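User: I've got a model open and I'd like to learn how to read it. Can you walk me through a few features?

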Amino acid sequence: MADEMIDGLRFEQRHGKERVRVARVWRNEDGRHTIVEWSVGISLLSDCVAAYVFDDNSDIVATDTMKNTVFVKAKECSEQISVEDFAIGLAKHFTSVYQQVTTAIIKIVEKPWERVYIDGQPHEHGFKLGSEKHTTEVILKKSGALQVTSGVEGLAVLKTTKSGFEGFIRDKYTALPDTRERILATEVTASWRYPFESLSSVPPKPLYFTERYLDVKKVLVDTFFGPPKEGVYSPSVQSTLYHMAKAVLGRFPDILSIRLKMPNLHFLPVNLSSKDNPAIVKFNDDVYLPTDEPHGSIEASLGRFRIKDVEAAAQVG
Ligand SMILES: O=c1[nH]c(=O)c2[nH]c(=O)[nH]c2[nH]1
């Protein structure tokens, strides 16, 4: 964000509305309904310094108006729309309608309502809540410069074997034994950047982003677990994370970079003993104490070198 100089001090500001909750239903003529539920965050960078400094609100877009805009735009969606396209539409509105607004940052979290199946049949208007959430962040400048990021939050996965951790630094504080047999559990948070740099380069295909979201999630999950029978050995969360990120970039040329956060949710071996009974419970890869506090925190991002980034770096260097 650009700083301004006021009274010899640096000043930066933004304002917006958080957690604007909206649900949109589409009722198909054949009786099949679709619903999305979104929690929208809007943040506007705008020329409204006078409100802070001179008590002059004449350049302020009221956050109440921002909230209303979410409902108006939801109403205007006559066809089902991806959460990304909805965010892009909002950003376009704020940057084009208000002369004062220089950048719009729209973040949306979609609640995972999933169609229910009754006796194997998809229900026409029944939904249940799934687990992981689809997220997006769209940044649009008045100049037209666009950034689209999508993500998943709370993707909880666990495997009961084919995981180990050994060969790490051992010193006088190290208590953890090497192992080639443990439970691996995590709750993946991922976010990935698309290459679209202007509104006109966004694919016009309806639900393009929704499809990508499902595909990326599948690649992440498939890579975490490996094939159904033999699985795949994980020498560390770090290694599994890297392979997951690499698989996504390998599979989707339209994804520039991906960031993964994978907390290591420990399942500790249970061994109980007393003076009289040295083996009340002796761990045999069977009884664990699940714990998420404390947990390991492992995160990384992997991205492509774009020609223009390389050129820009060369110019700086
Ligand atoms: O996969 C792991 N990575 C670590 O960095 C780490 N550290 C630790 O104590 N256990 C693990 N496991």
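User: Let's start with Asn-264: which residues does Asn-264 touch, not counting those up to four places away in sequence?

Analyst: Keep in mind that this is a predicted model. Leaving out those sequence neighbours, Asn-264 touches Thr-186, Val-237, His-295, Gly-296 and Ile-298. Asn-264 itself is in the loop between β11 (257-261) and β12 (267-269).

User: How do I read its exposure?

Analyst: Count C-beta atoms within 10 Å: 20 or more is buried, 12 or fewer is exposed, and in between is partly exposed. Asn-264 has 18 such neighbours, so it counts as partly exposed. Gln-238, in helix α5 (residues 237-251), has 16 and is partly exposed too.

User: Which residues surround the ligand?

Analyst: Phe-165, Leu-176, Ser-236, Val-237, Gln-238, Asn-264 and Gly-296. That shell splits into 3 nonpolar, 4 polar and no charged residues.

User: Where does UniProt place the feature "binding site"?

Analyst: The unreviewed entry lists Thr-63, Asp-64, Phe-165, Arg-182, Val-237, Gln-238 and Asn-264. Their farthest two C-alpha atoms are 51.8 Å apart, so these positions don't all gather at one spot.

User: And the sheet: in what order do the strands run?

Analyst: Read across it: 8 strands form an open, antiparallel sheet, β3-β4-β5-β8-β9-β10-β11-β14. β3 (15-27) and β14 (299-303) each have a single partner strand, so one side of each lacks a neighbour in the sheet. On average, neighbouring strands are turned by 20° against each other, direction ignored. Helix α2 (residues 63-76) packs on the sheet, touching β3 and β4 (33-46).

Key: Residues numbered from 1 in each chain as written. Predicted model: local features only at pLDDT ≥ 70, side-chain atom pairs only at ≥ 80, totals over all residues. Near = placed C-beta within 6 Å. Nonpolar A, V, L, I, M, F, W, Y, C, P; charged D, E, K, R; others polar. Pairing = 2+ DSSP bridges. Helix = DSSP H or I, 4+ residues; strand = E, 2+ residues; numbered from the N terminus. Axes fitted to C-alpha atoms, helices over the stretch in contact; angles between N-to-C directions. Contact = placed C-beta atoms within 7 Å. UniProt positions renumbered as here; feature names shortened; annotations may be inferred.
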